[in-house]
Amino acid sequence: MVAVLGSLSKQRSGTYYELKDIIVHPNYNGWNQDNDIAILWLQKSIRFSSTVFPVRMARDYASANMAVLASGWGLSSVSTAAQPDVLQYVSLRTIDNTECVRRFTNLENRSVTPTNLCTYSRTSQGTCMGDSGGPLVTVGGELVGLVSWGIPCAAGYPDVYVRVASYRSWVTAITSVH
């Protein structure tokens, strides 16, 4: 596995970084996606530039109705088989977890917990297959979430993210990154 940084297009090369290790959260549950977070150790340090720069991890819980931006290489719809060549992004709004839970009342083996963050703006606007692990950032550039799960391709349900602030101490304990 490699991480590619510094490119908005799959056709234009960025900088490749080989992975040295993947540290999955010790309480990850693949059945219901609880603790759906991992740390990727790279073989060498990242060289920052005008196209590659660090993002701040959220310290506080993101509130409801916050403007956020999700990005990823996932499908643009369930009926589209090919992934895009250009990085996709969408402006969204966070919703509170009570509202998110209410919208998922009929789904089995899925739970929205305090360590999740949800977005919903409107049907046909959200993340899709292939976006998992992608960032959810505030207008100020703070990383508040990581794409975790949802009903594919904004089919009228919220998208569910790992709430980064909930895992900040775990990330810091392993990486020393504050």
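Predicted model: local features only at pLDDT ≥ 70, side-chain atom pairs only at ≥ 80, totals over all residues.
The disulfides of the protein chain follow the pattern 1-2, 3-4, where the bonded cysteines are counted along the chain. Two disulfides are present in the structure, and I shall take them in turn.

Let me begin with Cys100 and Cys118. Their sulfur atoms lie 2.1 Å apart, and the two residues form a disulfide. The link of Cys100 and Cys118 is left-handed, with -75 degrees about the S-S bond. Which elements does this pair tie together? Cys100 belongs to helix α1, residues 97–103, whereas Cys118 belongs to strand β7, residues 116–119; the pair therefore ties together parts that are 18 residues apart in sequence.

Is Cys100 buried or exposed? Its relative accessible area is 0%, so Cys100 is buried. For Cys118 the relative accessible area is 0%, and Cys118 is buried as well.

I turn now to the second bridge. A disulfide joins Cys128 to Cys153, with an S to S distance of 1.5 Å. Where do these two cysteines sit? Cys128 is in the loop between β7 and β8, the latter spanning 135–138. Cys153 is in the loop between β9, at 142–150, and β10, at 159–163. The pair thus links distant parts of the chain, 25 residues apart.

As for accessibility, Cys128 has a relative accessible area of 8% and is buried. Cys153 stands at 13% relative accessibility; because buried means under 20% relative accessible area, Cys153 also counts as buried.

To close, I return to the pairing: the pattern is 1-2, 3-4, with Cys100 bonded to Cys118 and Cys128 joined to Cys153.

Definitions and conventions
Residues numbered from 1 in each chain as written. Heavy atoms only, no water. Disulfide = S-S within 2.5 Å. Helix = DSSP H or I, 4+ residues; strand = E, 2+ residues; numbered from the N terminus. Buried < 20%, exposed > 50% of the residue type's maximum accessible area, 1.4 Å probe, protein only.
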